[in-house]
Amino acid sequence: MLGVRAGRAFDGERAVPGGALVLVDDGRIVGVEPGGAPAPEGCEVLEAPGGTVLPGLVDAHVHLCADGTDGSLDRIEEPGEDAMAAIIGQSLRRHLAAGVTTVRDLGDRRFAVLDWRSSAQRGVYPAVVAAGPPITSVGGHCANMGGAAAGEDQLRRAVQQRAERGVDVVKVMVSGGFATAGTQVMLCQFTLGELQVVVGEAHAAGLPVTAHAHGLPAVHMAMAAGVDGIEHCSFLTDKGVAQSADDLARLAEAATAVCPTLGLAGALVPTPNAAALLAKLGLTMEQVTEMNKRRVGQMHAAGVRVVSGSDGGIAAAKPHGLLPVSVAFLAEGGVSTAAALASATSLATAACGLGDRKGRLRVGYDADLLVVDGDPVADIAALAQPAAVFAGGRRPAAAA
Ligand SMILES: [Zn+2]
């Protein structure tokens, strides 16, 4: 048995007064005791009197096949199988070093992530929730990942293929994307009827659907089709952001998980699609970033289920392991630090279908733990100071 004692604790929903002694055995949490409780005899205890213990973080939107350099999505077809497996392993180690113990991969290249997951891996890695290649239109956003489909029959077959491959969630590109030249972020890539086929087929197979949507029509179409989650959810129009109270109320009512993919490490180099939109709107990237923080704060205030995700891997300013910054952006947008932390723990595991096993300090849950220096409830920046990370009760050698 192993113990982790910290002067402060956050249990996935709220701060625990007096901290906690978390007991771990065989990869599971077997006790959550008051901070001052004696450790069982013979139990080795990691002591962090000035630190905080909390559930390992969840990044609900990553691209493990992308190596965190500008243009990595454009080059996604280049690495061979072994090189791609190495990129995926490296991406995961970066997440773990930042305290992320679960990732949801929403941009696989031809099932490379699922292949990686099913092959025997040595070492300690985050748990991987996988979508396979995003379903997209022919020539559409991220079509180079191998998920293009046209018409209801192909879309139905695409969902069935993913179910057969063992995905955990279906990702569908409802609008074009900033990262794919030639696609239109304001326009829908499918009809409502086609999207309903994807959602119906996925739900029949027991799989949730999350939809990439930037333009307002795509957000509305995703909502109308009954998707379980929306990525980015940008509410974009040619005149700017049109995020209405009415739409937020509907998202809250439907309990749709919205992953706004906030967070930047340095200046994001605009892709040609993004540069064109910025020019049209007369805005700088910095202005859009500040606008996005405020808009997600409003979303949260309206009761929308906001989950943390980074889009890690797609650019130099979007590296793997960015999640603590994504959570800080939520707080900067007006979300309370406790709610921001919940969005990256209990709320995110629920959105990933793992809410009964991960994302809380609770007996019986997986021993995915993060110890940070300081108190992230008082100062969210402390989240970026990992002192120890455990995934399934094991510490990675490199991040220890
Ligand atoms: Zn993405």
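Student: Where does Thr345 lie?
Tutor: Thr345 lies in the loop between α10 (337-343) and α11 (346-351), where helices (H or I, at least four residues) and strands (E, at least two) are DSSP runs numbered from the N terminus. This is a predicted model, in which local features need pLDDT of at least 70 and side-chain atom pairs count only at pLDDT 80 or more, while totals for chains, interfaces and linings use all residues. Residues are numbered from 1 along each chain as its sequence is written, and side-chain values use heavy atoms, with hydrogens and water left out.

Student: Is Thr345 buried or exposed?
Tutor: Thr345 is buried, its relative accessible area being 0%; buried means under 20% relative accessible area, exposed over 50%, and partly exposed in between, with a 1.4 Å probe and protein chains only.

Student: And what is Thr345 in contact with?
Tutor: Once its neighbours within four places in sequence are left aside, Thr345 is in contact with Phe10, Gly12, Pro55, Gly56, Leu57, Val58 and Gly359, where contact means heavy atoms within 4.5 Å.

Student: New topic, the metal. Which residues coordinate the zinc ion?
Tutor: The zinc ion is coordinated by His61 (NE2), His63 (NE2) and Asp311 (OD), at 2.0 to 2.2 Å, and along the chain these donors follow the spacing H-x1-H-x247-D. Donors here are N, O and S atoms within 2.8 Å of the metal (3.2 Å for Na, K and Ca), and water is not among the atoms, so sites may look incomplete.

Student: Are those two histidines buried or exposed?
Tutor: Both His61 and His63 are buried. Asp311 also counts as buried, at 8% relative accessibility, and lies in the loop between β14 (305-306) and α9 (323-332).

Student: What is the phi of Asp311?
Tutor: Asp311 has a positive phi of about 65°, although it is not a glycine. As background, most residues other than glycine have a negative phi. Cys142 is also not a glycine and has a positive phi, of about 60°; Cys142 sits in the loop between β8 and α3 (151-165) and counts as buried at 3% relative accessibility.

Student: Back to the strands. How does β6 pair with β7?
Tutor: Strand β6 (residues 57-62) and β7 pair in the parallel sense over four bridges, pairing being assigned if DSSP finds at least two bridges between two strands. Val62 stands opposite Asp105 in β7.

Student: What about the β7 and β8 pair?
Tutor: β7 and strand β8 (residues 127-130) likewise pair in the parallel sense over four bridges, with Ala127 in β8 as the bridge partner of Thr102. β7, helix α2 (residues 112-118) and β8 make a right-handed β-α-β unit. As for cover, six of the six residues of β7 (residues 100-105) are buried.

Student: Zooming out, how many helices and strands are there?
Tutor: The protein chain has eleven helices and 16 strands. Its radius of gyration is 20 Å, close to the 21 Å that the globule rule gives for 400 residues, so the chain is as compact as a globular protein of that length; the radius is taken over C-alpha atoms, and the rule is 2.2 Å times the number of residues to the power 0.38.

Student: What share of the chain is buried?
Tutor: Of the 400 residues, 56% count as buried.

Notes:
Right-handed = clockwise from strand over helix to strand, strands pointing away.
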